[in-house]
Amino acid sequence: MWLNCLFGFAACFTVANLYYNQAILNQIADTFNVSFEKASSVATLMQAGYAAGLLLICPLGDLFPRRPFILGLIAFTATLWIVLCLTTSFSVFAGISFICGITTVTPQLMLPLVGDLAPAHRRASSLAIVVSGLSLGILIARILAGVMANYTDWRNIYWFGLGVQYLVVILMYIWMPDYPSKNPEGLNYFRMMGNVAKLLFTEPLLFQASLVAFLFSATFTSYWTTLSFLLSTAPYNYSSLDIGLFGLIGVVVILFAPVYSRLVIDKFIPLFSAIMGLGVELIGLIIGTFIGSFNIAGPIIQAITIDLGAQFTQIANRAAIYDIQPRARNRVNTGYMVASFSGQLTGTAVGNRLYAEGGWVYSGAASIAFIGFALIVCLVRGPREKGWFGWSGGWSIHRDDLPPKKGEPTPSPREESLEEQVEEERIGV
């Protein structure tokens, strides 16, 4: 539990690097004497850097020992961060922001490590703690930045980010376990990169989970992008502070996710949990879309159910895909995250465009379609199906890999060894 919480803390305050600037772009523009449009490029560059890091750096977790790799990335980012605290050149600030975005991918290296360290029957609840830390970082980064910038100089949030990154390095150096390379014989980097795309189109489970991630990520960003447009106009006319407080709704979900994972996802097949999460999300979307234009209960219900659905489906997906190829977990995670990030970009673009065309109902209808399609994707392939379509292997929602209950026979070491040998032969070890 302590190690899970440590990884959750580290994920929180490393991913926060990407979001501090979003609440203070106007003040950044004033300080560097640039237009707001130009200042907003800082947020774009940081997100673009993160996307590049997902694709180019994360697969290396399958090659390098994770402890020195993760510690080195955090320390490198923290050292570069000093420039962001001090520079008076906007070009330098924007360029360093891009580089820091590339190296701020350590949470996506820690999640596959949790998949390696946690036993199968506790993997979902362990992942839930780290994913919750990740989500909390996205939330509190904007809140802390807004509060600090409102009462002090905006640079102080960057000094805070610098200090907390070095704190993460110290804590991880003391307690992070040393885990050997998953491929000590080495891998060809370019073949490894090609393997990421190959996995998406040769592993049905990964393709299914990635397509679902694309769809619920598009819904998530479409909602949060268009919400400010809805609430800042009639009949609500809310202030920026009031709109920002909607982000606090996510705290309830973040705190509940590990409990749900322990009680449900650890006991039932991940697909069951994903379908439950998407079902809750669909109900909330329908309610929020059709009453949100005139009743504030609509956006509130929608926020709660979107957060719940996305969080639970995300954890279930990760718990499922980390069983695909144990020696390629970082490449599997890279493929999954590229699909998820692409969904975020799509949701932002589609949501904004449809809101401009027909308002809240148009953008909400697109989100309903996204989640409806995600449910269809979940239902066309069962949890034990080896192929691309079908439900062979049974309909039971209970997991097959739980440890035997008290009094039940346990497999002998030889049986376990044979099972491991079969798995190694399947993945080509």
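A residue is called buried at under 20% relative accessible area, exposed at over 50%, and partly exposed in between, using a 1.4 Å probe and protein chains only. Arg318 is buried by this criterion, because its relative accessible area is 0%. The structure is a predicted model, in which local features need pLDDT of at least 70 and side-chain atom pairs count only at pLDDT 80 or more, while totals for chains, interfaces and linings use all residues. Residues are numbered from 1 along each chain as its sequence is written, and side-chain values use heavy atoms, with hydrogens and water left out.

The protein chain contains 18 helices and zero strands. Both are DSSP runs numbered from the N terminus (helices: H or I, at least four residues; strands: E, at least two). Of its 429 residues, 52% are buried. Contacts are defined by heavy atoms within 4.5 Å. Among contacts between residues at least 6 apart in sequence, 81% join residues at least 24 apart. The chain exposes about 18700 Å², and carbon and sulfur atoms supply 68% of that area. Accessible areas come from the Shrake-Rupley method with a 1.4 Å probe; for residues, only the protein chains shown count as cover.

Arg318 belongs to helix α15, residues 297-321. Leaving aside residues up to four places away in sequence, Arg318 touches Gln108, Leu111, Leu127, Val131, Asn333, Tyr336 and Met337.

Helix α17 has 20 residues. Its first and last C-alpha atoms lie 29 Å apart, close to the 28 Å expected at 1.5 Å a residue. The expected span is 1.5 Å times one less than the number of residues. Buried residues of α17 include Trp360, Phe370, Ile371 and Cys378. The buried residues of this helix pack against α11 (204-231), α14 (270-291), α15 and α16 (329-358).

A nonpolar surface patch comprises Phe201, Phe207, Phe373, Ile376, Val380, Trp388 and Phe389. Together these residues have about 740 Å² of accessible area. Patch members have over 30% relative accessible area and no salt bridge; nonpolar side chains (Val, Leu, Ile, Met, Phe, Trp, Tyr) are joined within 5 Å, like charges within 9 Å. A salt bridge places a side-chain nitrogen of Lys or Arg within 4 Å of a carboxyl oxygen of Asp or Glu. Phe389 sits in the loop between α17 (360-379) and α18 (413-427). Phe389 counts as exposed because its relative accessible area is 65%.

Cys12 is buried at 4% relative accessibility. Cys58 is buried at 0%.
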